[in-house]
Amino acid sequence: MMEGGSRADGRNPNQLRPFTCTGNPLHRAHGSARWAQGDTVVLAAVYGPKPGTRKGENPEKASIEVVWKPKTGQIGRQEREYEMTLKRTLQSICLLTVHPNTTTSVVLQVVGDDGSLMSCAINASCAALAFAGIPMKHLAVAISCGVMDNGVVILDTSRAEEQQARSFAHLVFPNSRKSVESKDPTQRDEESERGLITCITHGAMSEDDYFNCIERGVMASSRISDFMRKTLQKEVSRDA
């Protein structure tokens, strides 16, 4: 953080990088999306539902398979953790009983990584699932928050900021956030906690820092929700 609260790229702590989303850039996939947050770019492709589930999966429900492809090099332990986190997150928002005994594959290709990679991948995945027509309870939106050494919480962290931060978190919320309008801080915290789909933290984070990140994340998620909703509506209008 620079003097006066501005960041190395000139943003203020609550300012997000420009978001872009391209719907269905891959014609052979059943649905796809290219999601960019500044120089962090992820391409998500959805294939399915295909008949049958993988071994060990419940055949009475649909199965979600996630494949992570790094920008360079081989897939390692970190990428396997990304796959597991994404699978659990997407399973929690998809209606798995609509197409039982099927598997839907979500393939993610990292195009660029300048921080907030997991959040970018989740946003890309949700958009691709929507473009593919996969039944979902609701969309989900993700945002990354960092806690700097001076205690300031920043949104949509860059890679350099994540390396410098005392701690940072990737937060996933439902796309509809009634708690943003709440004037009672206690109620807002409780509703935020219930509405939190996924939280991944790195580094030592105090309870106050955690709830500060949640509160900032909730406000940011409403902006991302509006952007995603307008993007999907625009794509539907174009198809119509």
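Reply: The sheet is open and built from five strands in the order β1-β2-β3-β5-β4, with mixed pairing (strands pair if DSSP finds at least two bridges between them; helices, H or I of at least four residues, and strands, E of at least two, are DSSP runs numbered from the N terminus). This is a predicted model, where local features need pLDDT of at least 70, side-chain atom pairs count only at pLDDT 80 or more, and totals for chains, interfaces and linings use all residues. Residues are numbered from 1 along each chain as its sequence is written, and side-chain values use heavy atoms, leaving out hydrogens and water.

At the edges stand β1 (19–23) and β4 (63–69), each with a single partner strand, so one side of each lacks a neighbour in the sheet. Further in, β3 (residues 40–51) and β5 (residues 102–112) pair antiparallel over nine bridges, and L43 sits opposite Q109 in β5.

Now the helices. α1 lies across β4 and β5, at about 145 degrees to β4, while α2 lies across β1, β2 (31–37), β3, β4 and β5, at about 150 degrees to β2. Contact here means heavy atoms within 4.5 Å; axes are lines fitted to C-alpha atoms, for helices over the stretch in contact, and angles run from 0 to 180 degrees between N-to-C directions.

The two helices also meet each other: Y82, T85, L86, L90 and I93 in α1 touch L117, M118, A121, I122, S125, C126 and L129 in α2. α1 (residues 77–93) and α2 (residues 117–132) pack at about 40 degrees, axes 11 Å apart.
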